[in-house]
Amino acid sequence: MVIVNASRTAGMRLSGIILTLIVPIILLGGILANTLRHEIALTQKEILGLQLVDIVTPILIEKASGKPGERTAEQRLKLAVGLAEKIGISEEYSELIGLFESKLTRPDKLVEETAHLLHAVGSNSNLILDPVAESFFLALTNIMNLPDLVSHLHAFQFELDGAIATRGIDSAELKRILLMLGELSAAIERSSDSINHAREESADPGRYENALAVIRGIEKEISVTRDVMSTVHPGAETLTLTMLSKQTIDPSGKYLMAGEVWKQTSNRLRDILTTRKADMWLELLTIVGLGMLAMLLAGAAAVWLFRSTLRRLDLVEVEIQRADDARGEAEAMHDKIAVINNDISALNKELANKVLHLKEAQEELVQKGRLEQLGHLTATIAHEIRNPLGSVRTSAFLLDRKLRGKGLDVEAQLIRINRGVTRCDNIINQLLDYSRTKQPAFRPEILDEWLARIVAEEAARLPVAVSIKCSLGLGDRQIPFDPSRLQRVIVNLLDNASEALVGAGDDPGKFSSQRPCIEIETKVIGSNATISVTDNGPGISPSNLAKVRQPLFTTKSFGTGLGVPAIEKILEQHGGSLEISSVEGRGATFCAYLPLQPPVRANEAA
Ligand SMILES: Nc1ncnc2c1ncn2[C@@H]1O[C@H](COP(=O)(O)OP(=O)(O)OP(=O)(O)O)[C@@H](O)[C@H]1O
Ligand SMILES: [Mg+2]
């Protein structure tokens with residue numbers, strides 16, 4: 001149980017470690033990857049946007065300022081289509097290009113659309129292009145917006161005033177310059193009105209051309225002024241004036257201005273890109289740094305958790321070792337207990353045997369006591385009955401002699417009286433045989449000789465139908481036995497065999513065998529002489545075979561059931577035994593064993 005719990009705890013701790021370490025790492029990694037992906041996508045869009053602006057802006061500026069379109073410019077615009085698609089502003093771009101490809105009658109519209117394009121690029125790519133778009137828009141408007149130019153000229157005039165004052169120019173000449181500049185301003189104002197008018201009417205290209213012609217007229221005036229100014233005051237102001245005059249009047253000035261605007265825009269875009277790149281690097285480094293920090297923390301947590309788990313596993317190992325040791329001890333103990341158990345069960349068996357022997361001895365004693373009592377009783381009864389029985393027999397004999405031949409017809413009654421007397425005599429003999437406890441009186445006899453004589457006597461008594469065969473194999477061997485007692489054995493065996501074969505008489509209807517025959521055999525087996533009596537009668541059933549030795553067991557209507565027990569008892573008193581075998585339907589064999597030497601106890605008793 002301890003092991004199971006420990007492994008379960010270790011498993012739970014491991015899953016805890018996995019949850020603690022891997023889940024935050026995965027989450028953090030996911031967030032970092034997503035941020036990086038987003039930033040990279042934005043940066044890609046920014047770069048694409050800048051490329052687009054870089055390509056489109058100068059062309060648009062050139063176009064807006066009236067420069068005739070170039071083939072290369074158109075090709076570049078087409079190239080920019082792909083870029084616009086990638087940024088996701090195809091719609092705005094196609095509107096602008098549509099405007100560009102149509103005959104340009106509203107340059108301001110083109111400018112406006114360009115500014116919108118810049119705004120769209122900005123909002124799609126996360127670039128802050130609105131200020132750039134604003135300045136671009138303003139700058140381009142300036143190209144067209146002459147009133148602003150005029151105000152620039154006024155400012156210049158004021159500046160020039162100041163310059164003249166500080167440098168001490170001759171007053172007559174100064175007046176002339178100022179006058180000229182005043183005229184210039186007025187002329188430009190006039191031109192301004194004309195051009196404004198032309199712009200309002202810009203749907204008509206012819207009228208716009210007229211306006212340009214007016215501007216060219218003004219240009220001449222400005223050029224005269226410039227010449228004068230260069231003789232009077234060469235330097236930066238002159239250059240500025242040239243610039244301004246070019247911006248105002250000369251279309252090539254417009255190109256110059258457009259170039260400046262484009263350059264500014266481009267620089268601004270590059271600034272933005274540089275800042276963005278720096279920001280990106282910073283973000284990247286921050287993310288990588290945070291990631292490394294998280295990994296470091298996760299690694300440290302993992303080491304700590306794994307070490308504590310390993311320590312617990314070590315403890316579990318120690319517990320397992322202890323459990324193993326305890327089990328070893330228990331096994332050794334078990335072996336010892338098994339040995340003790342075996343000893344105890346052996347002792348128990350011995351005790352049981354001894355108890356059994358004791359019981360048997362006790363029973364034997366009780367039996368002996370009873371038999372002795374029975375013996376006394378039987379001897380008394382036999383003695384008391386035999387005398388009157390003798391009188392009855394003698395009286396019956398005398399009656400038979402007196403009444404024979406007198407025609408009284410009492411023979412049958414006399415025969416019945418004789419049979420009854422014989423039967424009573426038999427019963428008394430059986431009882432005496434069985435209950436006699438007195439030790440046999442051993443006397444060495446040539447057994448075969450003795451047996452032949454006894455059998456011959458008994459055969460005369462048995463029914464004529466029964467034939468007897470003797471096969472005696474002991475020769476002259478002398479065996480110690482009590483002849484009167486052993487005779488009872490032989491008589492009983494022959495009676496039983498005869499009764500089994502022909503019943504009580506010679507009535508063939510009651511024969512169990514067609515040729516009733518008894519075979520008597522003697523021989524030596526080991527230290528015993530054996531006398532076996534075999535008949536070819538009905539035999540004994542296995543269930544009866546188990547009971548024939550019991551006193552009072554009989555299957556006969558006239559039997560006492562004491563014959564076989566008496567035989568066995570007499571043989572035991574001789575130190576021998578009785579063996580009974582039978583095949584049902586084929587006959588039975590009763591074999592008496594008599595020791596060749598008299599038993600010690602019997603000898604002593606003798
Ligand atoms: N040779 C035999 N063949 C078949 N059965 C036998 C034989 N000898 C004995 N038995 C059986 O054994 C029983 C017991 O025999 P046992 O001699 O003790 O008494 P019994 O012959 O019945 O009476 P009794 O006291 O007159 O001898 C018999 O009743 C009989 O059934
Ligand atoms: Mg009998």
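Predicted model: local features only at pLDDT ≥ 70, side-chain atom pairs only at ≥ 80, totals over all residues.
Reader: What does the side chain of Arg-393 meet?
Author: The side chain of Asp-425, in a salt bridge with 3.9 Å from N to O. This pair links distant parts of the chain, since Arg-393 sits in helix H10 and Asp-425 in helix H11 (residues 411-435), 32 residues apart.

Reader: Which residues are in the network there?
Author: Arg-386, Arg-393 and Asp-425 are linked in a network of salt bridges.

Reader: And Gly-390, where is that?
Author: Gly-390 is in helix H10 as well.

Reader: How accessible is Gly-390?
Author: Its relative accessible area is 25%, so Gly-390 counts as partly exposed.

Reader: How many salt bridges are there in the whole structure?
Author: A search of the whole structure gives 10. Among them is the one between Asp-324 and Arg-327, where the closest N and O atoms are 3.3 Å apart.

Reader: Where do Asp-324 and Arg-327 lie?
Author: Both are in helix H10, 3 residues apart, or about one turn of the helix. Asp-324 has 32% relative accessibility, so it counts as partly exposed.

Reader: What about Glu-350, what does it form a salt bridge with?
Author: With Lys-354, and the closest N and O atoms there are 3.7 Å apart. Glu-350 and Lys-354 lie 4 residues apart in helix H10, again about one turn. Glu-350 is partly exposed, at 43% relative accessibility.

Reader: Switching topic: which residues make up the patch of negative charge?
Author: Glu-360, Glu-363, Glu-364 and Glu-572 gather in that patch on the surface.

Reader: Which helix gives the most to it?
Author: Helix H10, which spans residues 251-403 and supplies 3 residues to the negative patch. Glu-360 is located in helix H10.

Reader: Now the strands. What does S4 pair with?
Author: Strands S2 and S5 are both joined to S4. S2 (residues 467-472) runs parallel to S4 (residues 517-525), with 6 bridges between them. S5 (residues 528-535) runs antiparallel to S4, with 8 bridges.

Reader: Which residue in S4 is the partner of Leu-472?
Author: Thr-522 is the bridge partner of Leu-472. On the S5 side, Lys-523 stands opposite Thr-530.

Reader: How many residues are between S4 and S5?
Author: There are 2, and the two strands form a hairpin. Gly-526 in the turn has a positive phi of about 60°.

Reader: And which residue has a positive phi although it is not a glycine?
Author: Leu-552 does, with a phi of about 75°. Leu-552 is in the loop between helix H14 (542-545) and helix H15 (563-573).

Reader: Leu-552, buried or exposed?
Author: Exposed, because its relative accessibility is 61% and the cut-off for exposed is over 50%.

Conventions. Residues numbered from 1 in each chain as written. Chains lettered and ligands numbered in written order. Heavy atoms only, no water. Pairing = 2+ DSSP bridges. Patch = residues over 30% accessible without salt bridge, like charges linked within 9 Å, V, L, I, M, F, W, Y side chains within 5 Å. Areas by Shrake-Rupley, 256 points an atom, 1.4 Å probe, with all protein chains shown as cover. Salt bridge = Lys/Arg side-chain N within 4 Å of Asp/Glu carboxyl O. Lys, Arg positive; Asp, Glu negative; His and termini not counted. Charge placed at Lys NZ, Arg CZ, Asp CG, Glu CD. Buried < 20%, exposed > 50% of the residue type's maximum accessible area, 1.4 Å probe, protein only.
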